[in-house]
Amino acid sequence: MKAAPFAYVRPSRLSDAIAELAETRGGGKVIAGGQSLAPVLAMRLARPDTLIDINSIEELRALTRSGSALHIGAVVRQRRVERDPLSRSVPLLRLALPWVGHRELRSRGTVCGSLAHADPAAELPAVACCLDAELTLTGPSGHRRVSARDFFHGAMTTALTPDEILTSVRLPVAAEGEGFGFAEIARRHGDFALAGVAVRVRLRAGRPEATMTAFGVSDRPVTRDVSEQLAAAVTGGDALAGRLKGPLSAVADEIVDTDGDVHASTDYRRRLLLALAGRELSKAYERARDGAEEVTT
């Protein structure tokens, strides 16, 4: 199918884009990379009155590191982030990006676009939640900042109001004594995940603090503190990934609440999540313990 008719504007200033969006009174859509929106338009699942192209807005192209955070503007392509040395300061992002679609899609798709689309099985929302990233939303009233963990309200549903644009995301850079892990299971590489995890482990006085975000198993990324489970497993004598299975079982049972489908039942997704969580927490703990400052693919 082809998209329903719409007006098209390409402002060169953010203020003009905000004004155009406000004038549509909820009938406008913002496009940057278009890798999520274009198929939705083609299937007529969305019928905006106006398409607002933000690719000419210079200030949204920024990819910079400032202090303890990596700043990514709204039109920064995923492939650019993947290849830029600055992204080495956020190892979890570097681990996750190769799992996002295919290289050709990452060459057009944007980091902020993936966050705004809020697919429950997408990788980048899980990374943002695991790191507790800060998102900047801009509208007629100015800027407001929202934690990633408060941004996602459900499948394809976020804290964005109809007159706001997600203009940037700030991801904290890795600190000494931190380790990360990321993995997913999909039917084919590039497909959305049946289940996946992003994990962050931090060692404080030798004691681990661990955060795990699961995706593909609920209507949004689900983040849990699993410090107690990791600490309990570390004291054992067998392989760490195996020792984590027991402590993490209750967490996996609670997190996975999506209905089964033709690709995977609810129980299968729980088993996938449990296996992935144990493996990646073990890797992240070893990386943190060994003092790795950078994880590369």
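Modeller: Let's start with a definition: a residue counts as buried when its relative accessible area is under 20%, as exposed when that is over 50%, and as partly exposed in between. Keep in mind that this is a predicted model.

The spot I'd pick is Thr110. Its relative accessible area is 4%, so Thr110 is buried. You'll find Thr110 in the loop that links helix 5 (103-106) to helix 6 (111-117). What does Thr110 touch, once neighbours within four places in sequence are set aside? The partners are Ala32, Gly33, Ala74, Val75, Val76, Arg77 and Gln78. To place those numbers, look at the domain assignment, which gives domain 1 as 7-53, domain 2 as 63-172 and domain 3 as 178-295.

Now step along the chain from there. Ala118 sits in the loop between helix 6 and helix 7 (123-130). With a relative accessible area of 2%, Ala118 is buried. The backbone has something to show here too: Ala118 has a positive phi of about 60°, although it isn't a glycine. That stands out because most residues other than glycine have a negative phi. Arg44 is another case, with a positive phi near 60° in a residue that is not glycine. Arg44 belongs to the loop between helix 2 (37-42) and strand 3 (50-53). Is Arg44 buried, partly exposed or exposed? At 30% relative accessibility, Arg44 counts as partly exposed.

His102 has 36% relative accessibility, so it counts as partly exposed. Leaving out residues up to four places away in sequence, His102 touches His189 and Gly190. His102 and Gly190 are 88 residues apart along the chain, yet their C-alpha atoms are separated by 5.5 Å.

Contacts that span the sequence show up in the totals as well. Taking the contacts in the protein with a separation of 6 or more, 61% are between residues 24 or more positions apart.

Packed helices are described by the angle between their axes and the distance between the axes. Helix 9 (residues 227-234) and helix 10 (residues 240-255) have axes that come within 9 Å and cross at roughly 145°. The crossing of helix 9 past helix 10 is right-handed. On the helix 9 side, the residues that meet helix 10 are Gln229, Leu230, Ala233 and Val234. Helix 10 brings Leu240, Arg243, Leu244, Pro247, Leu248 and Val251. Sorted by class, that contact has eight nonpolar residues, one polar and one charged.

Finally, step back to the whole. The protein has 11 helices and 14 strands. Its C-alpha trace spans about 65 × 45 × 35 Å along the principal axes, and the C-alpha centres of domain 1 and domain 3 lie 37 Å apart. The radius of gyration is 20 Å, which agrees with the value near 19 Å that a compact globule of 297 residues would have.

Technical notes: Residues are numbered from 1 along each chain as its sequence is written. This is a predicted model: local features need pLDDT of at least 70, side-chain atom pairs count only at pLDDT 80 or more; totals for chains, interfaces and linings use all residues. Side-chain values use heavy atoms; hydrogens and water are left out. Domain bounds come from an automatic or database domain assignment. Axes are lines fitted to C-alpha atoms, for helices over the stretch in contact, and angles run from 0 to 180 degrees between N-to-C directions. Helices (H or I, at least four residues) and strands (E, at least two) are DSSP runs, numbered from the N terminus. A crossing is left-handed if the near helix is turned anticlockwise from the far one by less than a right angle, and right-handed if clockwise. Contact means heavy atoms within 4.5 Å. Ala, Val, Leu, Ile, Met, Phe, Trp, Tyr, Cys and Pro count as nonpolar, Asp, Glu, Lys and Arg as charged, and the others, Gly among them, as polar. The radius of gyration is taken over C-alpha atoms; the globule rule is 2.2 Å times the number of residues to the power 0.38. Buried means under 20% relative accessible area, exposed over 50%, partly exposed in between (1.4 Å probe, protein chains only).
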